[in-house]
Amino acid sequence: MIICETIADVRQKISEFKRKGKRIGFVPTMGNLHEGHLSLISASKEECDITIVSVFVNPTQFSSGEGFEKYPRTLESDQEKLKDLKIDILFLPDENQMYGSSSQTLVLVGGTISNSLEGCSRPEHFNGVTLIVTKLFNIIAPDVAFFGQKDAQQARIIYQFVKDLSIQVVLKVLPIVRESDGLAMSSRNTLLSKENRAIAPSMYEGMLEGAKAIRDGETDPMQVLAIITEHLICFKEIEIDYVAIIDPVTFEEVEEINKDVLIIGAIFLDNIRLIDNYYVDRN
Ligand code: AMP
């Protein structure tokens, strides 16, 4: 595994592979790697000749007080995992490499996909994501980039700006990897107390109950949301940020459930913010 800490170095290594006609797969991460990340890396290894993983905790996607400093950083064990997986290049830039002191550019995606749900709760977040992913795409120029459905809104926004800016990359969005009790794997799970970790899967349980109601014929999103929130309010520790039933493409809330929908939500457990979603196929 080659480790590159600078943009110049990673570009040079990649150009050697490209000269040999290799297909480049890219998995951007913020580290603290778990099975969710590893599923993306395995997919890249399967589909591409060369797999590049970046680990960079991106400051611009955290507002102040959102836990940038507390974000779990486990570089040593991440490197071990990546070595075991035999990835080709680990890109490990620091803040100075990625932003320098004079960065003044934003990549703004408009519309409901940006301005709803996570975009309302974390107003700066997606501007940080679009900027860092654009920069990483420009640096790596991958043939294929792999993202998780766990961050469904993020994946949708990335799809939009890749299309709008004519960036030449194929995007692959892979299913959510869950713990055995249903909790979506997330680096933030390690920050939960033992008690809160035990109740954290309740969002997934609530979404499953909602999905069952839809499959049983419920078409009123309000009724489905009531089922989900009733499940969540059983736990006084849970503070619901939002739960919504949306069109998976437009991210508009649906008025009637008559086609595929995405149940999507965010909760706080003692200030730790957890997100999850569940795709309900009506066929
Ligand atoms: P992060 O390190 O949290 O920025 O995540 C890096 C990538 O891994 C993103 O594309 C995430 O959507 C994806 N990811 C995170 N958690 C999971 C999971 N539980 N299952 C699948 N993909 C995930």
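Reply: Happy to. The C-alpha centres of domain 1 and domain 2 lie 26 Å apart, with the bounds coming from an automatic or database domain assignment. That assignment gives domain 1 as 2-174 and domain 2 as 187-277. Before going further, a word on the ground rules: this is a predicted model, in which local features need pLDDT of at least 70 and side-chain atom pairs count only at pLDDT 80 or more, while totals for chains, interfaces and linings use all residues. Residues are numbered from 1 along each chain as its sequence is written, and side-chain values use heavy atoms, with hydrogens and water left out.

Now to the interface itself. Domain 1 brings 22 residues to the contact and domain 2 brings 19 residues, where contact means heavy atoms within 4.5 Å. Between them the two domains bury about 1,600 Å², 53% of it on carbon and sulfur atoms; buried area here is the accessible area (1.4 Å probe) that two parts lose on being put together, summed over both. On the domain 1 side, Leu117, Glu118 and Lys150 lose the most area to domain 2, together 30% of what that side buries.

The rule asks for a side-chain nitrogen of Lys or Arg within 4 Å of a carboxyl oxygen of Asp or Glu, and the count between domain 1 and domain 2 is 1 salt bridge. For polar contacts, the rule finds 9 residue pairs across the interface, both residues at pLDDT 80 or more. Such a contact is a pair of N or O atoms within 3.5 Å; within protein, one must be able to donate a hydrogen and the other to accept it, and residues adjacent in sequence count only if both atoms are side-chain atoms.

Which elements supply the domain 1 side? Helix 5 (112-115), helix 6 (118-121) and helix 8 (152-164) each give two or more residues to it, and helix 8 gives the most, with 3 residues. Helices (H or I, at least four residues) and strands (E, at least two) are DSSP runs, numbered from the N terminus.

Strand 8 (residues 261-269) pairs with strand 9 over 9 bridges, and Leu269 stands opposite Ile272 in strand 9.

Conventions: Pairing = 2+ DSSP bridges.
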